[in-house]
Amino acid sequence: MREEQKPELAMASLEEQMQQLRSKATELLLREEWRESVQIYSQFITLCQGQISNTCQHSDPDPDRLSKLHKSLCLALSNRAEARSRMRDFAEALIDCEQALEIEGTHLKTLLCKGKIFLSLNRYSMALDCFKAAVLDSQAAGNLQTINGYLERCKKLEFQSRAGVFDLSDWVLNGFQGKSPELAEYIGAVQVKKSEISGRGLFATKNIDAGTLVLVTKAIAIERGILSGQDTGENAQLVMWKNFIDKVMESFERCRRTQHLIGTLTTGEDEEGLEVPDISLFRAETEISSYPVEKMDMGKILSILDVNSLVEDTALAEVFGKNSDYYGVGLWLLTSFINHSCHPNARRLHVGDYLIVHASRDIRAGEEITFMYFDVLSPLAKRREMSNSWGFNCKCMRCKFEEAVCCKQEMREIDIGLERGLDVGGVVYRLEEGMRRWIVRGKEKGYLRASFWVAYSETYGSERSMKRWGRRIPEMESVVDSVVEAVGSDDRLVKLVVAGLKKSGVGLVEMERAMKLGKGLYGKVVKKQAMRSLLGRLASCPLP
């Protein structure tokens with residue numbers, strides 16, 4: 001064999017090897033074997049880059065061969081980006097997209113892949129730019145419907161993220177059928193600051209009306225299931241917790257940004273020494289050139305999850321069409337900075353993987369945003385017991401006030417009477433008379449009424465009790481209003497009001513009252529007709 005033939009044979013052998021790798025990688029991609037596909041594409045890309053380098057070193061490089069190699073490299077990078085994005089390895093996928101677009105700036109497949117990655121990362125304006133560029137490509141004609149669909153999604157989500165305007169009405173009126181609606185992440189007028197309650201907290205930077213959204217955030221990881229039977233449920237809960245930890249670790253290991261944000265959360269120790277993160281860190285659109293490498297052992301991560309993970313609110317599970325044994329646990333980053341208070345001003349609502357936080361009563365600028373970690377329509381002793389199980393002792397204004405009042409002999413007698421089954425109407429009457437003598441006014445009345453809500457609820461819900469005590473105790477509406485002022489709206493308050501509407505007939509004033517309570521409970525995310533549907537579901541009776 002002549003010497004000049006050897007390079008040609010070597011090149012032919014190399015091209016055959018590249019062709020085999022490309023075919024194998026494409027086959028794996030189509031079979032959705034993402035990890036294996038990435039490995040084979042990586043081998044192909046290395047060989048292709050080597051061929052481009054060798055060709056460029058020639059004194060007279062073949063332009064057609066270079067063009068062919070560049071096209072092959074661009075497509076391989078785009079396909080590897082697709083596979084990596086399916087594995088949720090978005091950082092590496094974006095690097096592949098950038099390299100592909102350096103070769104061909106309007107490569108349609110890469111622009112679509114990059115846009116979808118930005119969409120998954122909640123970076124809506126950047127995704128919008130990618131899809132706008134894609135629709136201008138000459139090869140986009142066959143994909144216009146798909147691209148326009150992405151454009152409309154991006155426009156909708158970008159508007160939600162910027163304006164904080166969400167509408168779940170159609171989903172509610174359709175009986176929560178199908179997948180939950182896609183939502184944008186949104187951060188309202190809030191900032192993280194040092195808190196007098198504990199460590200750091202989330203604070204309003206301007207006045208927020210009841211029902212107004214505070215934030216909408218997507219879970220880093222979430223695990224759900226149906227628990228039935230005590231023993232089976234406890235075992236299932238342990239399995240779910242393990243699965244949840246695995247999902248968090250998967251997200252932690254794949255994304256430097258996620259690592260950094262999880263690292264800002266408390267482990268429950270040295271609360272006062274923790275740094276206060278800037279709110280911009282939690283905005284997906286914030287451009288940060290690099291994140292520090294977070295070195296955390298499993299013990300620290302488990303402590304973070306133990307303190308910051310949230311169980312999905314099951315009080316409204318049936319209203320949203322969920323099984324009563326439904327259980328879900330997740331990690332929502334910014335929400336982890338919201339402290340507990342027994343006179344909370346915010347509520348949370350779970351929609352799919354998103355957590356919506358809204359004002360349950362009016363919030364003043366500078367006021368800390370709080371929600372309840374446990375049932376606050378409970379007496380002080382019960383709340384103390386529950387706060388201890390959470391590992392803290394609540395010292396909010398309400399708890400301090402009730403500590404001073406509960407030492408009174410008459411309050412002890414009221415507590416004992418309720419425990420021993422004293423007529424609930426009589427309990428309400430004695431409490432109201434006591435507050436009159438003790439000159440308890442304003443929000444403090446709401447505190448005590450919230451603590452004895454069980455007695456008030458049973459009294460107003462019983463015709464027998466109302467016949468006996470109705471003229472000697474305050475009207476239900478004034479009691480409900482004072483409790484809402486103290487602890488915000490609650491599904492039990494709404495149920496009582498809606499049940500009253502059912503008995504007495506739906507008047508305009510009464511309906512407006514119920515709708516106002518509904519806004520405090522669900523937030524301003526549905527229109528009137530959908531709100532009536534929610535209230536009807538809550539009370540198991542349709543409202544006109």
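Modeller: Strand β7 is mostly covered, since six of its six residues are buried. Buried means under 20% relative accessible area, exposed means over 50%, and partly exposed lies in between, with a 1.4 Å probe and protein chains only. Strands (E, at least two residues) and helices (H or I, at least four) are DSSP runs, numbered from the N terminus. This is a predicted model, in which local features need pLDDT of at least 70 and side-chain atom pairs count only at pLDDT 80 or more, while totals for chains, interfaces and linings use all residues. Residues are numbered from 1 along each chain as its sequence is written, and side-chain values use heavy atoms, with hydrogens and water left out.

In a regular strand the side chains alternate between the two faces of the sheet. From β7, Y326, G328 and G330 point one way, while Y327, V329 and L331 point the other way, and all are buried.

The sheet around β7 is open and has three strands, in the order β5-β7-β6, with antiparallel pairing. β5 (221–226) and β6 (310–311) are at the edges with a single partner strand each, so one side of each has no neighbour in the sheet. Two strands pair if DSSP finds at least two bridges between them. β5 and β7 (residues 326–331) pair in the antiparallel sense over six bridges. Here I226 stands opposite Y326, and R224 stands opposite G328. β6 and β7 are also antiparallel, with two bridges, and V311 stands opposite V329.

Now the charged pairs. A salt bridge is a side-chain nitrogen of Lys or Arg within 4 Å of a carboxyl oxygen of Asp or Glu. The structure holds 33 salt bridges. One of them joins the side chains of E15 and R65, at 2.5 Å from N to O. E15 is in helix α1 (residues 5–30) and R65 is in helix α3 (residues 63–86), so this pair ties together parts that are 50 residues apart in sequence. E15 is partly exposed at 35% relative accessibility, whereas R65 is buried at 15%.

Another salt bridge links E152 and K155, whose closest N and O atoms are 3.9 Å apart. These two residues are three apart in helix α7 (residues 144–163), about one helical turn. K155 is partly exposed, at 41%. E367 and R361 form a salt bridge with closest N and O atoms 3.8 Å apart, and both residues are buried. Salt bridges with shared partners also join R80, R84, E92 and D96 into one network.
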